[in-house]
Amino acid sequence: MKKSFAVFWKRNLAFAKLAIVSNLEYRLNYFVDVIVQPVLTTGIEILLWFAVFKGANVQTINGFGREYYLSYALWAAFFARIATSWMYEFRMIEEISSGTINSLIVRPMSFYEYYLSQLLGYKFITTIISLIIPLIAAHYFNLPTIYSRVPLAVVLCFYYLILVHTISFLVCCVAFHLTKISSFTVAKNLLFWILMGELFPLDLTPEPYKSILLKLPFAGGVFLPVGYITNRIGLNEMITGFISVTISLVVLNALASVLWKKSLATYAGTGA
Amino acid sequence: MFLTLKKYLSLYKAMFKASFISDLEYRANFFTRIMTDIFWYIAQIVTFEVLYTHTQKIGDWNLKQMRVFLGLLFIIDALYMIIIHENLENMSEKVRKGDLDLLLAKPVNSQFMVTLQKANTAIIGNLILGLSWLIYSLNGLGDFNYLRLFWLMLLIPCSLVVIYSMRFIFSASAVIFTRSENLQFLWWQVYRIGMRPDSMYFPWFKWIILTIIPVGVIVSIPARALLNPPDYLILLWPLCLVPILLYATHRFWNFALKFYSSASS
């Protein structure tokens with residue numbers, strides 16, 4: 001048992017390292033991904049909040065001052081980069097539609113873990129590099145941030161990332177039956193864009209939408225971790241977030257397992 | 001000149017027809033593309049509807065005016081997606097796989113081919129949705145002068161040229177850097193600046209997005225033409241910008257091609 005876990009760990013660590021090395025290969029590409037893009041997003045969102053407060057002509061919105069929204073905009077852009085999977089989902093779909101998946105399914109590993117380890121490896125290095133920016137910016141501009149809460153927020157975001165990967169895996173199961181489904185990824189990620197709270201703090205929505213959105217697992221991607229760091233929410237909401245993601249993981253993994261087996265059974269091995 | 005124009009028009013007609021047939025082949029993808037944009041529209045609408053529950057104005061405009069702005073954004077974006085987007089989106093892949101060779105070898109202008117070879121006909125459904133939203137939001141204004149819509153015949157084509165030119169420069173950089181997917185994502189961030197009214201930005205930043213990085217021209221100026229009393233200096237600015245940007249794309253394409261070293265060979 002102990003030996004098999006060691007093999008599993010070593011194997012997945014190798015996948016994660018592979019992702020890190022292959023992404024750092026094209027440094028300009030990587031730099032744009034982890035630094036430039038979130039910095040630009042932050043800039044755009046901060047300008048929006050300046051305009052909103054100027055138009056509203058008030059000191060607080062929903063009980064929080066302008067600095068809280070600026071801090072939210074700053075952290076949300078970086079957490080959203082971590083909590084979203086574009087590249088690996090596209091690659092997984094491509095493996096199936098082109099038939100290159102054949103070389104993976106004959107190996108002593110699962111397709112799920114192969115890409116999950118790569119995704120986590122890639123996001124790990126992204127987190128280390130990109131979170132330096134909001135940490136420095138929040139400190140420099142004295143934005144409301146509880147630094148001791150950052151580690152737990154990152155843990156929830158990574159936990160949510162496993163759910164994101166499971167959903168990607170489910171999309172892949174569909175790829176066995178429908179050849180061109182890259183639009184699924186775009187549609188799904190756009191939906192998550194709203195549900196995660198990247199566009200605006202979810203607690204600004206009126207009831208009953210607010211309660212529903214906060215209970216969905218997607219809030220675990222951006223709103224809950226960022227809300228926790230910027231003191232919009234407390235530990236109880238974080239625990240609810242962990243529970244919500246766990247339940248979703250159990251349900252979706254069970255569904256994915258059944259769908260994967262069914263899809264593989266119908267797969268002819270020449271590409272979907 | 002006329003014959004050349006006729007040749008390119010008939011070529012585009014043939015490519016559009018081929019794209020439509022090709023799009024219908026993958027029906028699930030066809031409908032998901034429509035759904036994708038619906039989610040995007042919802043994201044934009046929800047953001048502003050939620051924000052306006054906490055404020056009366058963002059920039060110069062109230063909620064009803066912002067709805068008109070969004071309607072224009074949806075229409076311009078849909079037209080861009082139908083005519084141009086897919087071609088420029090895939091440029092990086094064409095470079096890596098060497099497919100660009102095939103386009104360069106054709107006896108027509110290579111920039112024309114890389115720009116217009118594939119139309120995304122599924123988005124026509126979104127264009128109808130965008131038009132419906134614009135009509136709904138204009139009705140909500142109450143005292144709108146519908147004659148102002150004529151401005152759009154002039155300004156929407158200019159907006160398309162502005163999006164095209166900027167996007168093209170981002171995409172053509174793939175010829176220089178070979179792998180530049182994230183530069184393409186970077187374009188999306190730049191484009192997002194133009195998806196918000198220019199009046200909400202600081203004056204110096206507004207000046208930049210109307211001149212140096214003219215994403216502010218794309219929707220804000222057509223929206224001003226509909227919502228504000230006409231300021232001819234601002235409304236005619238896109239007309240001056242169009243030839244400058246088209247010339248810039250032409251020069252940049254020729255420059256980028258110098259770095260191209262056929263990946264397929």
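**Exercise 1.** Is the crossing of H4(A) and H8(A) right-handed or left-handed? Work out as well how these two helices lie to each other.

*Solution.* Keep in mind throughout that this is a predicted model.

- Step 1: Find helix H4, residues 87-98 of chain A, and helix H8, residues 150-175 of chain A. Their axes come within 9 Å and cross at roughly 25°.
- Step 2: Angles under 35 degrees count as roughly parallel, so H4(A) and H8(A) are roughly parallel to each other.
- Step 3: The crossing of H4(A) and H8(A) is right-handed.
- Step 4: Now look at who meets whom. H4(A) brings Tyr88(A), Glu89(A), Met92(A), Ile93(A), Ile96(A) and Ser97(A), while H8(A) brings Ser168(A), Val171(A), Cys172(A) and Ala175(A). Sorted by class, the residues of this contact are 7 nonpolar, 2 polar and 1 charged.

**Exercise 2.** Describe how H3(B) and H11(B) cross, and say which residues meet.

*Solution.* 

- Step 1: The axes of H3(B) and helix H11 (residues 216-227) of chain B come within 9 Å, and the crossing angle is roughly 130°.
- Step 2: The crossing of H3(B) and H11(B) is right-handed.
- Step 3: On the H3(B) side you will find Gln65(B), Val68(B), Phe69(B), Leu72(B), Leu73(B) and Ile76(B); they meet Ile218(B), Val219(B), Pro222(B), Ala223(B), Leu226(B) and Leu227(B) in H11(B). This contact has 11 nonpolar residues, 1 polar residue and no charged ones.

**Exercise 3.** Is Ile76(B) buried or exposed?

*Solution.* 

- Step 1: Locate Ile76(B) in helix H3, residues 63-89 of chain B.
- Step 2: Within 10 Å of Ile76(B) there are 25 other C-beta atoms. The cut-off for a buried residue is 20 or more, so Ile76(B) is buried.
- Step 3: Leaving out residues up to four places away in sequence, Ile76(B) touches Ile156(B), Ser159(B), Leu160(B), Ile218(B) and Val219(B).
- Step 4: For a sense of distance, take Ser92(B): Ile76(B) and Ser92(B) are 16 residues apart in sequence, and their C-alpha atoms are 24 Å apart in space.

**Exercise 4.** How many residues does each chain give to the contact, and which helix supplies the largest share on the side of chain B?

*Solution.* 

- Step 1: Chain B gives 36 residues and chain A gives 35 residues.
- Step 2: On the side of chain B, helix H2 (27-51) and helix H9 (181-194) each supply at least two residues.
- Step 3: By class, the side of chain B that touches chain A has 18 nonpolar, 12 polar and 6 charged residues.

Technical notes: Residues numbered from 1 in each chain as written. Chains lettered and ligands numbered in written order. Predicted model: local features only at pLDDT ≥ 70, side-chain atom pairs only at ≥ 80, totals over all residues. Contact = placed C-beta atoms within 7 Å. Helix = DSSP H or I, 4+ residues; strand = E, 2+ residues; numbered from the N terminus. Nonpolar A, V, L, I, M, F, W, Y, C, P; charged D, E, K, R; others polar. Buried ≥ 20, exposed ≤ 12 C-beta atoms within 10 Å, placed from the backbone. Axes fitted to C-alpha atoms, helices over the stretch in contact; angles between N-to-C directions. Parallel < 35°, antiparallel > 145°, perpendicular 65-115°, else oblique. Left-handed = near helix turned anticlockwise from the far one by under 90°.
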